[in-house]
Structures are given as C-alpha cells and as structure tokens.
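Subject: Structure handover and findings

Dear colleague,

Please find the structure below, followed by a summary of what was found in it. I would be grateful if you could read the two side by side.

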Amino acid sequence: MSVLSGLVAALADGSVEVVDLTSPLSASTPVIQLPPEFGQTASFALDEISRYDERGPGWYWNNFTSGEHTGTHFDAPNHWVTGKDLADIASVPARKLIAPAVVLDFTAEVAEDPDFLVEVDDIKAKDVPLPAGGWLFVRTGWDARSRSQEAFLNADENGPHTPGLSPECARWVAEESPVLGLGVETVGTDAGKAHSFDPPFPCHSYLMGSDKYGLTQLQNLAELPPTGAVVIAGPLPIVGGSGSPARVLALVERG
C-alpha cells in the first residue's frame, strides 16, 4: 500500500482523525480593536447577491467583507514592517502549508493570570523537541472565550489582558528555534500588553522579520497531542495580501 493510500484508509477507518482548529467565521467573530487613531479591521459580513429569487432563481450566493486578519487567520511576513520586503500571503510556498506541530499547554498558568507570558525556560521545561519546519502551538484555553468579543479581548481601562510570549521568548522562537511559525488561540500572536513591550508587538516584529508565520484564533488545541499532529493551514492566496482567514485542520493518529 502506498503512503497516500494508507492515509486515505486511515482516514476512512478513523485511525487518523481530522480535528478542525478553525473558529467559525461570522458577523459575531471577535476582531482586534486598535486605538482610535489607527485604521480598524472590518468585521466579517455577508451581502446577499441572490437566494432562489428574481435576482437568481436557481442559486444562492453572497459577496463577503472581511479583514485579512479576522477570525482564524494566517499572518504572512509582509504583515509587519520588519518583513515588508518579504513574502505576501499568495507567495507562501504550498509545501509549508502542511507541517508537523507541537502543542505546549499553559492553560493552568493562564487560568491564574490572563496576562501570563511564556518564557524561553517555560518552553524548554516542557522537554518537547520543536519540529524543524513545523509549528509551535501555545495552548492557553483562550478559545473558550471566542463566542464573546468582550470576553475574548478581555480589555479594561488599561487595555487588553490576554496571554502570549515575552519579548525574549518571541525573539528566541523567531530567531533560534527551528519552527516555521507560531499558533495561538488569542486574537493575535502577541499578548494583550504587547504594545508596551520592547520592541512593541515582539511576536509580530520578530516572526515576520524572520520570514516566519503566525496562526491565530485557533480552537480545539485540547484535542491534539503534544507531538505527532500534522497541520494543514489553508489561507486564500490573496495577491499582495498580508494575511488571510484560513481553514486550519490537524491530522491526529488515534488508537
């Protein structure tokens, strides 16, 4: 049996499970909010073209409006000024859209402190080898908040309070680790307080500047093992785009 035939058979008999890591995309999908002096991303919206009526008697379809970085989405290197001369989302090599993933669990720490920052030593303490050319997924339990804009952004008069990586950890992941990118459950790859870090928004700054990628607003990471999952991340190939909503799936061996 060939490798691909074996995979098809494993999918059919359930020994390989497909886990959907994607947040459903709708008008209620939480979106990031920047200070009012900056441009804002659009919420997702459908504009009906026809629905089995005089505008089109036999078909239903819509136009849609969305920010590139709305919902579960893929950050390309040119999303940040540090990667402005690097790849757009349409130029991400297709072979990099299928890759192994490691899932590190920090849900207990985040339950105690929503501003929890992962340090390099926290990653090393897990004693899980990071996959060369694969993803580092940081599980925080934040996907449980994804049905509420208010709970998901978790902001007060001091700004948002969401977990992420420390500046040094972000630099290490981008510049020293072998992974191709970082995946998180929060609205963006950076912590809520990252605007005050040095550099500001270090995950974006270091990852994009290192020609690496981000996946955000992931769900169901609890269904993945610490190692062994293979992730398929499918952004739209928007020419000149800085990112795209994506369907993100994981293949997991069961049994």
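Is helix α6 (residues 202-209) mostly covered or mostly uncovered, and how many of its eight residues are buried? Helix α6 is mostly covered, with seven of its eight residues buried. Buried here means under 20% relative accessible area, exposed means over 50%, and partly exposed lies in between (1.4 Å probe, protein chains only). Helices (H or I, at least four residues) and strands (E, at least two) are DSSP runs, numbered from the N terminus.

Two remarks on the source apply throughout. This is a predicted model, in which local features need pLDDT of at least 70 and side-chain atom pairs count only at pLDDT 80 or more, whereas totals for chains, interfaces and linings use all residues. Residues are numbered from 1 along each chain as its sequence is written, and side-chain values use heavy atoms, with hydrogens and water left out.

The buried residues of α6 are Pro202, Cys203, His204, Ser205, Tyr206, Leu207 and Met208. Their cover includes the helix α5 (167-175) and the strands β4, β10 (164-165), β11 (181-183) and β12 (213-216). Just after α6, Asp211 takes a positive phi of about 65°.

Pro202 belongs to helix α6 and is buried, with a relative accessible area of 0%. Leaving out residues up to four places away in sequence, Pro202 touches Pro167, Ala170, Asp190, Ala194, Phe197 and Leu207 (contact means heavy atoms within 4.5 Å). Ala170, in helix α5, is buried too, at a relative accessible area of 1%. Beyond its neighbours within four places in sequence, Ala170 is in contact with Leu165, Pro202, Cys203 and Tyr206. Ala170 and His204 are 34 residues apart in sequence, with 8.6 Å from C-alpha to C-alpha.

Nonpolar cores

A nonpolar core is a set of buried Ala, Val, Leu, Ile, Met, Phe, Trp, Tyr and Cys residues joined through side-chain atoms within 4.5 Å. The largest such core has 29 residues, and those with the most contacts inside it are Val118, Ile123, Leu136, Leu165, Val173 and Leu182. At least two residues of this core come from each of β5 (98-105), α3 (120-125), β7 (135-139), α4, α5 and α6. The largest share, five residues, is that of α5. Apart from this core lies another, of 25 residues, among them Tyr213, Val231, Ala246 and Ala250. Not counting residues up to four places away in sequence, Val173 touches Ile123, Leu136, Leu165, Val179, Leu207 and Lys212.

Cavity and pocket

On a 1 Å grid over the protein atoms alone, a cavity is a set of points where a 1.4 Å probe fits but cannot get out; a pocket is an open set with protein on both sides within 12 Å along at least five of seven lines, and lining residues have an atom within 4 Å of a point. Grid points are joined across faces, edges and corners, and a volume is the space filled by probe spheres set on the points.

The count comes to one cavity of 30 Å³ or more, and the largest cavity holds about 60 Å³ of space. Its lining residues include Leu165, Leu182 and Glu185.

The largest pocket holds about 840 Å³ of space. Of the 31 residues that line this pocket, Ile32, Gln33, Leu34, Val187 and Phe201 lie nearest its centre. β4 (73-75), α4 (149-153) and β9 (159-160) each supply at least two lining residues, and α4 gives the most, with three.

Aromatic pairs

Rings of Phe, Tyr and Trp (its six-membered ring) pair if their centres lie within 6.5 Å; planes under 30 degrees apart count as stacked, over 60 as edge-to-face and the rest as tilted. The whole structure has seven aromatic pairs. Tyr52 and Tyr60 form a tilted pair, at 6.1 Å centre to centre and 55° between the planes. Trp80 and Phe201 form an edge-to-face pair, at 5.7 Å centre to centre and 65° between the planes. This pair links distant parts of the chain, 121 residues apart: Trp80 lies in the loop between β4 and β5, and Phe201 in the loop between β11 and α6. Trp80 is partly exposed, at 22% relative accessible area, and Phe201 is partly exposed at 29%.

Yours sincerely
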